[in-house]
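This briefing is for a reader who is meeting the structure for the first time.

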Amino acid sequence: MEGENHTSLKQFLLLGLSDDPELQPMLFGLFLSMYMITVLGNLLIILAVTSDHHLHTPMYFFLSNLSFVDICFTTTTVPKMLVNLQTQRKNISYPECLTQMYFFMMFGGMDNFLLIIMAFDRFVAICHPLNYQVIMNPHFCGLLVLVSWLIMFCVAMLHILLMLPLTFSMGTEIPHFFCELAQVLQVASSDTLLNTICLYLSAALFGVFPATGILFSYCQILSSLMKMSSTASKHKAFSTCGSHLCVVCLFYGTALGVYLSSAVSYSPHRSMVASVVYAAVTPLLNPFIYSLRNKDVERALERLLRRLVAFPFWTPTLRTKWKLWPLKHIL
């Protein structure tokens, strides 16, 4: 079929996870449940951190930002997939596809940056505890997050601008459940050499090098932990670092696998499975990993849930008169 420019292209077809009609309701229920738990879990982490002054520290500031990004990250892909499963439609328009790619790259990159920043935070806290408050001051922490947003805004925009000259055939099928950059480049009709070079450069700059930096940080942390004489200090350090390491392994292992495997042998099914893990499963597990392995977060969540349960607005008598309840008492 002759390639046509994107200006005349109506839509792409997302093939999704399965063509079996009997699996569609099960997939819809599974991913709807995962999405709702992801949003609720990460939202609870944000509320716990913002409402508890004990958690107003750099580590939990970055954690709350990670939870916010995870909500946005999974919202970029899962709702569209749920709509397609429910309506039995697979189409996505060209502008929608570009928009989804842009936000997926931006929020995925922010996940990456925040994991790096959190590793640096643990490195300073354990290896240079006396200078921790000076180095990780609120201004510097806010600057790290702001610079990360600006970098990912520019990088994601660069990839989208490079996509604009590409041509595609009418009714192009994408063997994925969302518009993922590597998959879209595979089905382009025109030359994608420049796009592919930029893709692998981005994967190296924002994947391999940061992973190496995290590995170096944890080597230094492990060296410092071995020198500690206090068992309690070692246990506390291991509890915070262990949670972060679990998320790092889950995120980098699957995200890098998607891009590196496509360079060796192109397998849409394998790429799709890995994408499900880092696009849907990782944001789902993050709140559980950080709360179940962290006593401070557990206590903050318990206090938050106690306040919500004991909130006078939710008592049976007042629930029936909610329209008359003054707004100042709610706020």
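Ser-190 sits in the loop that runs between helix H6 (181-186) and H7. The model is predicted. Thr-192 belongs to the loop between H6 and H7 as well.

- Ser-190 is partly exposed, and its relative accessible area is 24%.
- In sequence, Ser-190 and Leu-166 are 24 residues apart, while their C-alpha atoms are 5.7 Å apart in space.
- Once neighbours within four places in sequence are left aside, Ser-190 is in contact with Leu-166 and Thr-167.
- Thr-192 has a relative accessible area of 15% and is buried.
- Not counting residues up to four places away in sequence, Thr-192 touches Leu-166 and Leu-185.

**H3 against H7**

- Two packed helices are described by the angle between their axes and the distance between the axes.
- Helix H3 (residues 94-127) packs with helix H7 (residues 193-227) at an angle of about 20°, and their axes are 9 Å apart.
- That angle makes H3 roughly parallel to H7.
- The crossing in which H3 passes H7 is left-handed.
- The residues of this contact of H3 with H7 comprise 13 nonpolar, five polar and one charged.
- On the H3 side, the residues that meet H7 include Asn-112, Phe-113, Leu-115, Ile-116 and Arg-122.
- On the H7 side, the residues that meet H3 include Phe-206, Gly-207, Pro-210, Tyr-218 and Gln-220.

**H3 against H5**

- H3 also packs with helix H5 (residues 138-163), at an angle of about 150° and with the axes 9 Å apart.
- H3 passes H5 in a crossing that is right-handed.
- The contact of H3 with H5 has 23 nonpolar residues, three polar residues and no charged residues.

**Aromatic rings**

- The count of aromatic pairs comes to 13.
- One of these aromatic pairs joins Phe-177 and Phe-178, with 4.8 Å from centre to centre and 65° between the planes.
- The pair of Phe-177 and Phe-178 is classed as edge-to-face.
- Both Phe-177 and Phe-178 are buried.
- Ring pairs also link a cluster made up of Tyr-102, Phe-103, Phe-107, Trp-149 and Phe-153.

**A residue with positive phi**

- Most residues other than glycine have a negative phi.
- Gln-88 is not a glycine, yet its phi is positive, at about 60°.
- The place of Gln-88 is the loop between helix H2 (58-87) and strand S3 (91-93).
- Gln-88 is exposed, and its relative accessible area is 54%.

**The protein as a whole**

- The protein has 331 residues, of which 47% count as buried.
- There are 12 helices and five strands in it.
- Among contacts in the protein with a separation of 6 or more, 78% are accounted for by residues 24 or more positions apart.

Definitions and conventions. Residues numbered from 1 in each chain as written. Predicted model: local features only at pLDDT ≥ 70, side-chain atom pairs only at ≥ 80, totals over all residues. Heavy atoms only, no water. Axes fitted to C-alpha atoms, helices over the stretch in contact; angles between N-to-C directions. Helix = DSSP H or I, 4+ residues; strand = E, 2+ residues; numbered from the N terminus. Parallel < 35°, antiparallel > 145°, perpendicular 65-115°, else oblique. Left-handed = near helix turned anticlockwise from the far one by under 90°. Contact = heavy atoms within 4.5 Å. Nonpolar A, V, L, I, M, F, W, Y, C, P; charged D, E, K, R; others polar. Phe/Tyr/Trp six-rings, centres within 6.5 Å; stacked < 30°, edge-to-face > 60°. Buried < 20%, exposed > 50% of the residue type's maximum accessible area, 1.4 Å probe, protein only.
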